[in-house]
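Have a look at the picture first, then try each task before reading its solution.

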Amino acid sequence: MASKLLMLTIFVFDLIAFGLAIAAERRRSTAKIKQDGEDEQSYCVYDSDIATGFGVGAFLFLMLSQIIIMVASRCFCCGKALRPGGSRACAVLLFIICWVAFFIAEVCLLAGSVRNAYHTKYRISYLTSDKHLSCETLRKGVFAAGAAFIFFTSILSQFYYVTYAKARGGPMPYGGEAGVGMAAYK
């Protein structure tokens, strides 16, 4: 039987990661071009960089959630073999899909955090240059994509753990004789 405490813990960690990813999407850095009044140059001024911290927090909570679920299920590499049947096949399939969704979510969160922290520091003079200043910022939807894959990973990991627990089941059926074995008396 699947541990309800473990499933609740995983749900809470995934919910926190999802909330942080949404907060990171809402608080992405924006930039404005400012002009320096003294020497007629322009430069980029960025607002708060809190989305990077939110993205890293979501990254860490999702990683912690995945580590806990894989340690609890022994990641298919340790422990007794699972009982053959549909539950084992479903657990293997969900294991693979869960890792793919987890990897995509982590890449979105990490790439979004790194790109959000990158700030250009160009200075262009209006007298010597005719090209326009570009203040690079993170595109919309990177953290939102990470949040969507956090949601998918959460659902898949919960189903994976339940099917794993069902495939692990109780004690294996005994294939020997039904009676009590007795040794010869000497």
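This is a predicted model: local features need pLDDT of at least 70, side-chain atom pairs count only at pLDDT 80 or more; totals for chains, interfaces and linings use all residues.

**Exercise 1.** Work out how helices α3 and α4 are oriented towards each other.

*Solution.* First, find the two helices: α3 covers residues 86-117 and α4 covers residues 142-168. Next, take the angle between them, which is about 155 degrees, with the axes 7 Å apart. Angles over 145 degrees count as roughly antiparallel, so α3 and α4 are roughly antiparallel to each other. As for handedness, α3 passes α4 in a left-handed crossing. Finally, sort the residues in this contact by class: 22 are nonpolar, 8 polar and 2 charged.

**Exercise 2.** Find the partner of R28 in a salt bridge, then decide: are the two residues buried or exposed?

*Solution.* Here's the idea to start from: side chains of opposite charge can pair when their charged atoms come close. The structure holds 1 salt bridge, and in it R28 pairs with E25. Their closest N and O atoms are 3.4 Å apart, and the cut-off is 4 Å. For the second part, buried means under 20% relative accessible area. R28 has 17%, so R28 is buried. E25 comes in at 16%, so E25 counts as buried too.

**Exercise 3.** What share of the protein's 186 residues is buried?

*Solution.* Using that cut-off of under 20%, buried residues make up 33% of the 186.

Definitions and conventions:
Residues are numbered from 1 along each chain as its sequence is written. Side-chain values use heavy atoms; hydrogens and water are left out. Axes are lines fitted to C-alpha atoms, for helices over the stretch in contact, and angles run from 0 to 180 degrees between N-to-C directions. Helices (H or I, at least four residues) and strands (E, at least two) are DSSP runs, numbered from the N terminus. Angles under 35 degrees count as roughly parallel, over 145 as roughly antiparallel, 65 to 115 as roughly perpendicular and the rest as oblique. A crossing is left-handed if the near helix is turned anticlockwise from the far one by less than a right angle, and right-handed if clockwise. Ala, Val, Leu, Ile, Met, Phe, Trp, Tyr, Cys and Pro count as nonpolar, Asp, Glu, Lys and Arg as charged, and the others, Gly among them, as polar. A salt bridge is a side-chain nitrogen of Lys or Arg within 4 Å of a carboxyl oxygen of Asp or Glu. Buried means under 20% relative accessible area, exposed over 50%, partly exposed in between (1.4 Å probe, protein chains only).
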